[in-house]
Amino acid sequence: MGVPGGETAERTEPGGNGFVGQALRRKEDPRLITGRATYTDDMVLPGTLYAAIVRSPEAHARILSIDTAAARELQGVEAVFTGEDLADLAAPCPMVWAPPGVEVHVPDHWPLARGKVGYVGQPVAVVLGRDKYGVVDAAEQVMVEYDSLPVVTDPEQALEEGAPIIHEEYGTNKVFEWSLPGGDIEAAFRDADVVVEKRIVNHRTAGAAIEPRSALAEWREGKLTLWSATQIPHICRVILSIQLGLTEDKIRVVAPEVGGGFGSKLQVYGEEVLVCWCARKLGKPVKWTATRSEEMATTHHGRDQIDYVRIGAKRDGTVTGIHAKIIQDCGSYHLIEGPVIPTFSACVISGCYDFPAVQTDIVGVFTNKFTTDAIRGAGRPEATHMIELTMDELARELDMDPLELRRKNFIKEFPNERPHGFIYDSGDYDATLDRCLEMLDLEAFRREQAELRERGVYRGVGFSTYVEICGLGPSRALGPDGWGMQGGYFESAQVRVHPTGSVTAYTGTSPHGQGHETGFAQIVADRLGVTPDVVDVIHGDTSTGPFGKNTYGSRSLAVGGEAIARAAEKVQAKAKRIVAHKLEAAPEDIELVDGRYQVRGSPDKAMTIADVAGEAYIPADLPEGMEAGLDEMCFYDPDNFVWPFGAHACISEVDAETGRVDIVRYVCVDDCGPAINPLLIDGQIHGGIVHAVGQALYEQVVYDEEGQLVTGTFVDYALPSAADVPSFETDRTETPSPTNTLGVKGVGEAATIACSPAVVASVLDALRPLGVTSIDMPLTPMRVWQAIQAAQGRGDGPAATEQGRTLDEHGGGAAGSGPTGPEEGGAS
Amino acid sequence: MIPADFEYVAPESVDEAVAALREGGEDAKLLAGGHSLLPLMKLRLAAPRLLVDLRRVGLTGIEREDGAFRIGAMTTHHQVATAGLGLASAAAATIADQQVRNRGTIGGSLAHGDTAADMPAVLLACEGEVTARGPGGERTIPAAELVRDYLTTALEPDEVLTEVRLPGMDGYGFAYEKFNRRVEDWAMVGVCALVRKAPDGSCEDVRIGLTHMGATPLRASAAEDALRGGPLDAGAIERAAEQAAEGTSPPADLNATADYKRHLARVLTRRALGAAAGT
């Protein structure tokens, strides 16, 4: 797979006021902090009907009959629809990954099930009515008769002979199989002196955004408007057009305030299509908002890989090759791009290391669970996890310091083409590790560790040096002829100066908490010579600005921000021509200094952007042939991805009696290029670490052997809170990317991609005296305790995978009986 | 929150509340802080026809009387946590998070009878009692008889738990060791220890209460017996703690097998006894 890239973008200096680089407070925060932001569920339209969805309690079953009569009779119920009623949909949910020459099984996935169900929570019917409580009552009256089928929840079991087949038409549970090789992998392992191998279960997690999904559709005068809690309004419009058989000019999609996504709203869900279909059918607004239970069961999950990884090396530590076999649990149906996710693992399988040969073999598998798709990091956290833990193991095998092993193999020349065709744009891996160690003081820690061990206190340190691929991305590499995504990955921007000099900037990205309104305003302000407070950044509405590609894959700044910068520079260039004309100078002699467009060498002659806008919108005296207005657009498609990197270190303490892990210190140095706003970077790093600490220590989506979701609430799904995580010690280095003129790389996923192996390695380092060498996440107290017991010759250790295990009859609650019990007497 | 349809009353007195419960029959439920009942209603695991809200009946406050604390059933966890009640305050301070402690009540928690809740084991270890008022008047229920099974108490459907009486436990050292995954979680296992030393430093009395180690809160009687009347050194505590899980049949869940819970009970008992004894 060839990847273009490595061409160096021309770097231009911004002209303006030096707002880029400042840690400005977020423009978004006042409305968010004071509760004035408008989320989808806040919106009320006259005559709205509420939708309640009848969901399958079965993980795998044929639908024998659906009786909606009792529900229809309830007061206030206007309609009940089933899959048969939606027969006029033009297409099922599209899955946009179709790699050339690879067969991918994509079963029809309709908003309401047709004939059978494949996971618990699959929508079977929808009840619509004027009262949002009444429709839930009515949904309980929809009687569905199921014929249960055998269930399979473990992806390796699903591949075995005789396993229940989820989609009979394929005769197998295999979704696809493909390989991303580079270099001579056979020689790599033949020539290796040492080969280490690991099986790592990277378990299923949830996005768990605080705002659940919500969608409100209105059909009025032949046009459809959908407000939705989504990361991808522009893409959603294209998909609604395909599924509803309605042209895009008749559809508007708005993402109002969106309360977190983490990839879980990088999706077009059946419920979004369903409310649109219902609104058109009934001619009334239709709203649906997920309950937390619906959110946990039917908002796509992430990870869920079983990884078999091998690294070969010479005795001196020089690595010869890495091979990974990834078994990806796809769930029973696909959403927009789930099967492509492990390919992102393959992109970075070389890590920071100069492997002369790499190969990733991927098998996607159907199971009777909900769909997996992109969750923060999407394939790259899994890759870092397996690479870093296996490098640690290799260091032990070679009796070599794990950091020395890393440094010996760090890639040092940039741009650097990896054996599988990817070109790392820039980097300085030693520099981030040096700084991280300086902050950590490893020698002092090792002394402390030894002293504590004497007293039976187990502390350990773990490291992760990572590189990630982001800034999605170059359309030639990602698109139909590259690795097969059926779309482009440019980003759009439009920068409009108003007649009196303030600015509106439209971006095709669709932020949902990141702070684009602040960071993009800083970029525009410097280029036009205004202050960020008069730059309004508009996003998330298909009826404003050009068609865009929205927010995911840490792309917003490296692609969307670059588009904004380029559009602003077009405006600046036009402004300079106008100023030159008015001041009788050459355009190249006009410079922008502190908000003044002045003639180089004669700073007393100057105009402001407001003066220029006046000339542009009252075009009495413009340069020959110039159009009126001060409004420019840019579609930017990068030549390469961007490759952020860094070094993370975690010190944890393990209570060896109980298995509890406490993170004592967390030190990290990340490099995402020159900072636009360091405050926004810190926020992303902090959140990214917490996300990965969540996976490493707390969170897991668990299904039992019947395919029932056990972790359906925040009691059971142990999302950590601020009280559970440590403070972070962060710093940055700034290595510019040659890919874009800002020199920036993405940062939204970086810390999540980096962190989990550092946490796990710290625990393994702590427990080394007890003989523990490996534990799969999440490192819950019981699993750590079981690992210690097993290392001491007691018990079998924690189960390698918890999918499909049987739970005790009183089980279900993660840390208490919780809201799962029978009715009780007395007050409560 | 989208619960099933229900009626709601907020009577002004306990007697009116009892009358409302009586009228409502089996489909009526008392509402105190709401932090157990409302989540059940939200998930439609509970669908009472009538909610009888106790917010207007008073029943708040803590008084010291005859060496015991009389705690109104509607006293919040926060009030208990900050009232200097020794073990009860220490345990109440670990309940969930501050928002829950501001709303949840000691009476509600005890009446809910959740074996994973902290206060039932505290009441048991202190050998306290609760007062319940029903159509036939008031009665006293000793701690050991209050919780009968999972989420099942000795309270009748038309009774209101009005007051909690906790012996002051003067002269006892105390500790509550709660083990959970996140700070706001229910106890995976909780152990409360009360230790009174004799003048010679030996163990004059010891009480050990276990949270979430069975269908009801439990006393670790074997461990108590092993320690009572003997020395209170680390070795004795360790040996006693080894018996902390004796006779228990703890409910397993996603995060803890029964074996692991028994192991935790032993470790936490040793730690709680050590802290309570000051050794």
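1. β18(A) and strand β26 (residues 645-654) of chain A pair in the antiparallel sense over 10 bridges; two strands count as paired if DSSP finds at least two bridges between them. A:V467 has A:F645 in β26(A) as its bridge partner. The model is a predicted one: local features need pLDDT of at least 70, side-chain atom pairs count only at pLDDT 80 or more, and totals for chains, interfaces and linings use all residues. Residues are numbered from 1 along each chain as its sequence is written, and chains are lettered from A and ligands numbered from 1 in the order in which they are written.

2. The pair belongs to an open sheet of four strands in chain A, ordered β18-β26-β27-β28, with mixed pairing. β18 (458-467) and β28 (729-732) of chain A each have a single partner strand and stand at the edges, so one side of each is left without a neighbour in the sheet. From one strand to the next the twist averages 10°. Helix α18 (residues 678-698) of chain A packs on this sheet, where it touches β27 (661-671) and β28 of chain A, and its direction makes about 140° with that of β27(A). Helices (H or I, at least four residues) and strands (E, at least two) are DSSP runs, numbered from the N terminus.

3. A three-stranded open sheet of chain A has the order β22-β23-β24 and antiparallel pairing. Its edge strands, β22 (590-593) and β24 (602-607) of chain A, each pair on one side only. Direction ignored, neighbouring strands here are turned by 40° against each other on average. Strand β23 (residues 596-599) of chain A is joined to β24(A) by three bridges, and A:Q598 stands opposite A:A606 in β24(A).

4. Strand β20 (residues 503-507) of chain A runs parallel to β21(A), with four bridges between them. A:Y506 stands opposite A:I538 in β21(A). In a regular strand the side chains alternate between the two faces of the sheet. For strand β21 (residues 535-538) of chain A, A:V535 and A:V537 form the covered face, while A:D536 and A:I538 form the uncovered one.

5. Helix α10 (residues 380-398) and helix α11 (residues 402-409) of chain A have axes that come within 9 Å and cross at roughly 110°. Axes are lines fitted to C-alpha atoms, for helices over the stretch in contact, and angles run from 0 to 180 degrees between N-to-C directions. α10(A) and α11(A) are therefore roughly perpendicular to each other (65 to 115 degrees). A:M391, A:D392, A:L394, A:A395 and A:L398 of α10(A) make the contact with A:P402, A:L405 and A:R406 of α11(A); contact requires C-beta atoms, placed from the backbone, within 7 Å.

6. Chain B has 11 helices and 14 strands. Its C-alpha trace spans about 60 × 45 × 30 Å along the principal axes. Buried residues, those with 20 or more other C-beta atoms within 10 Å of their own, make up 52% of the 279 residues in chain B. Of the contacts in chain B between residues at least 6 apart in sequence, 65% join residues at least 24 apart.

7. B:S202 lies in the loop between β12 (189-197) and β13 (203-211) of chain B. Because B:S202 has 15 C-beta neighbours inside 10 Å, B:S202 counts as partly exposed (between the exposed limit of 12 or fewer and the buried limit of 20 or more). Not counting residues up to four places away in sequence, B:S202 touches B:K197, B:G229, B:G230, B:P231 and B:L232.

How values were computed
Angles under 35 degrees count as roughly parallel, over 145 as roughly antiparallel, 65 to 115 as roughly perpendicular and the rest as oblique. Two residues are in contact if their C-beta atoms, placed from the backbone, lie within 7 Å.
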